[in-house]
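Subject: Structure handover and notes

Hi,

Here is the structure I promised to pass on to you.

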Amino acid sequence: MGSSSSSYAPKTIYMDVDGKVQRVSLKISNIKAVCLRFHQNEMHFNCKSKLMQLTVTYPINNFLFPSKEKEDMFQNVLSQVAEQFICICFKVNWSVSDSLRANALEGLKVVEIEKCKNDLKKLRDEMTSRGVRVNCNCKYNFTDDGKKLSPRRDVPSYPKYTLSQETIEALKKPTFDVWHWEHNEMLSCLEYMYHDLGLVKEFNINPITLKRWLLAIQENYRDNPFHNFRHCFCVSQMMYGMIHLCNLQVRSYMCILMTAAACHDLDHPGYNNTYQINARTELAVRYNDISPLENHHCAVAFQILSMPECNIFANMEPDSFKQLRQAIITLILATDMARHGEILDSFKQKVDSFDFTNEEHVKCLKMVLIKCCDISNEVRPTEVAEPWVDCLLEEYFIQSDREKSEGLPVAPFMDRDKVTKPTAQIGFIKFVLIPMFETVMTLFPQIEEIMVQPLRDSRDHYEELKQIDDAMSEKKTTESMSLGGKKK
């Protein structure tokens, strides 16, 4: 790429109008060659850069050049086409379903697409380093540095793992240790779950498309301390376990639950809804302060599914997909903890006379199940659960430090100067987790031993830790007062 000044120098456009060559000078950045041809009331626009070529045809009725009115019209049309082409050239986010982009990419081979993506990333990085703002009308163009949607047109590259019988059985249990697995292994486990539950066969899912979709899901989780792909896998594995434990047999329910679990925190920026709203971020403005993160997770989930190469539901009937889409959105939105009391109260009203043929009852159950899985770490053994507390506190502290620096309110449970691991967990386990899981236990008594009792044990564990912390703190205070008295 040339210097800033040269890249924005006027380019000469050659036109063939009824056999007569015309020249027009237009300022177009990073365009190698532009050619125009008029034929039978159509304008054929051909544009090349170092990376790709774009050809567009516009109908032009009674085009008489170079009258002033028609010249202005031509310049306007040409500028719009050039801007669209530049947007394609600079855009690293390949998710936008733009017809011009589709025309530009359709003929490229897989290898060329990957090369273009790499070249474009280098070009964008170089422009950014020079202070040039790259601006285009992307659907998801957030200011935070996060992964953009990147469809994969090649055959997915993660290796196929053969799961041992021991692993297959362990996957169905809350005791599964999620820390022992690499990303590729977790992808293979998720793939196995969709096959094992019969979802691939039931919904006629292309196995290669399933691989691509899972890769796209993984790539669109950010590297946050807590809200990352391992958390996504953790929630999905717990959902898979609950499906088996609660003996849920309706495959449409399984599909909705598993897909919502996999997508429920997509592109999470690591800062919660309170921060989004107080800081008036783009997400908060876009979603009117109403569950901005959860709405964003839904949008990204269906942006991925809108790509043909990642659409695992491509073979569903439109009406069936519409219902499935609404159900997944309902479940992801239910993970907003601001709605916890509302959802749990609604379920409590239904649970004693629960009717599996009642759609409202079943919808409420699915909302509670995804909530249980989303915050289920303390159901797991202590050696698996406790590292998650450290990860969550680290993410909280990053947010609270930023809130302090920006003069925003800081929640006490996120303040590194006020919270400890025991104090963070005791109230959450006692007043959120245990009441919710015990309510689910009313409907599925079999979860008591394997899920509810571990929560009670975890509560006792942290209460013991708090007693130790309190005793040490009291001892330090006494020693400090004693030393102060001696100095006097």
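First, the ground rules. This is a predicted model, in which local features need pLDDT of at least 70 and side-chain atom pairs count only at pLDDT 80 or more, while totals for chains, interfaces and linings use all residues. Residues are numbered from 1 along each chain as its sequence is written, and side-chain values use heavy atoms, with hydrogens and water left out.

**Helix α9 and its partners**

Helices here are DSSP runs (H or I, at least four residues), numbered from the N terminus. Helix α9 spans residues 229-245 and helix α10 residues 251-263; their axes come within 8 Å and cross at roughly 160°. Therefore α9 is roughly antiparallel to α10 (angles over 145 degrees count as roughly antiparallel, under 35 as roughly parallel). Axes are lines fitted to C-alpha atoms over the stretch in contact, and angles run from 0 to 180 degrees between N-to-C directions. The crossing of α9 with α10 is right-handed (the near helix is turned clockwise from the far one by less than a right angle; anticlockwise makes it left-handed).

From α9, Cys 232, Val 235, Ser 236, Met 239, Tyr 240 and Ile 243 meet Met 254, Leu 257, Met 258, Ala 261 and Ala 262 of α10 (contact means heavy atoms within 4.5 Å). By class, 10 of the residues in this contact are nonpolar, 1 is polar and none is charged (Ala, Val, Leu, Ile, Met, Phe, Trp, Tyr, Cys and Pro count as nonpolar, Asp, Glu, Lys and Arg as charged, and the others, Gly among them, as polar).

Helix α6 (residues 183-196) packs on α9 at an angle of about 30°, with the axes 11 Å apart, so α6 is roughly parallel to α9. This crossing is left-handed. Residues of α6 in the contact include His 183, Met 186, Tyr 192 and Asp 196, and those of α9 include Arg 230, Phe 233, Tyr 240 and His 244. The contact of α6 with α9 divides into 9 nonpolar, 4 polar and 2 charged residues.

**Annotated positions**

The unreviewed UniProt entry gives "binding site" for His 227, Asn 228, Phe 229, Arg 230, His 231, Asp 265, Asp 374 and Gln 425. Such annotations may be inferred rather than shown by experiment. I looked at three of these positions.

- Arg 230 is in helix α9 and is buried, at 16% relative accessible area (buried means under 20%, with a 1.4 Å probe and protein chains only). Beyond four places in sequence, Arg 230 touches Val 178, Trp 179, Trp 181, Met 186 and Trp 388.
- Asp 265 sits in the loop between α10 and α11 (273-278) and is buried at 5%. Leaving aside neighbours within four places in sequence, Asp 265 is in contact with Tyr 221, His 227, His 231, His 297 and Asp 374.
- Gln 425 belongs to helix α18 (residues 421-443) and counts as buried at 8% relative accessibility. Outside four places in sequence, Gln 425 touches Glu 378, Val 389 and Tyr 462.

**One lysine**

Lys 350 lies in helix α15 (residues 340-351). At 17% relative accessibility, Lys 350 is buried. Not counting residues up to four places away in sequence, Lys 350 touches Glu 360, His 361 and Cys 364.

Happy browsing!

Methods
Helix = DSSP H or I, 4+ residues; strand = E, 2+ residues; numbered from the N terminus. Parallel < 35°, antiparallel > 145°, perpendicular 65-115°, else oblique. Buried < 20%, exposed > 50% of the residue type's maximum accessible area, 1.4 Å probe, protein only.
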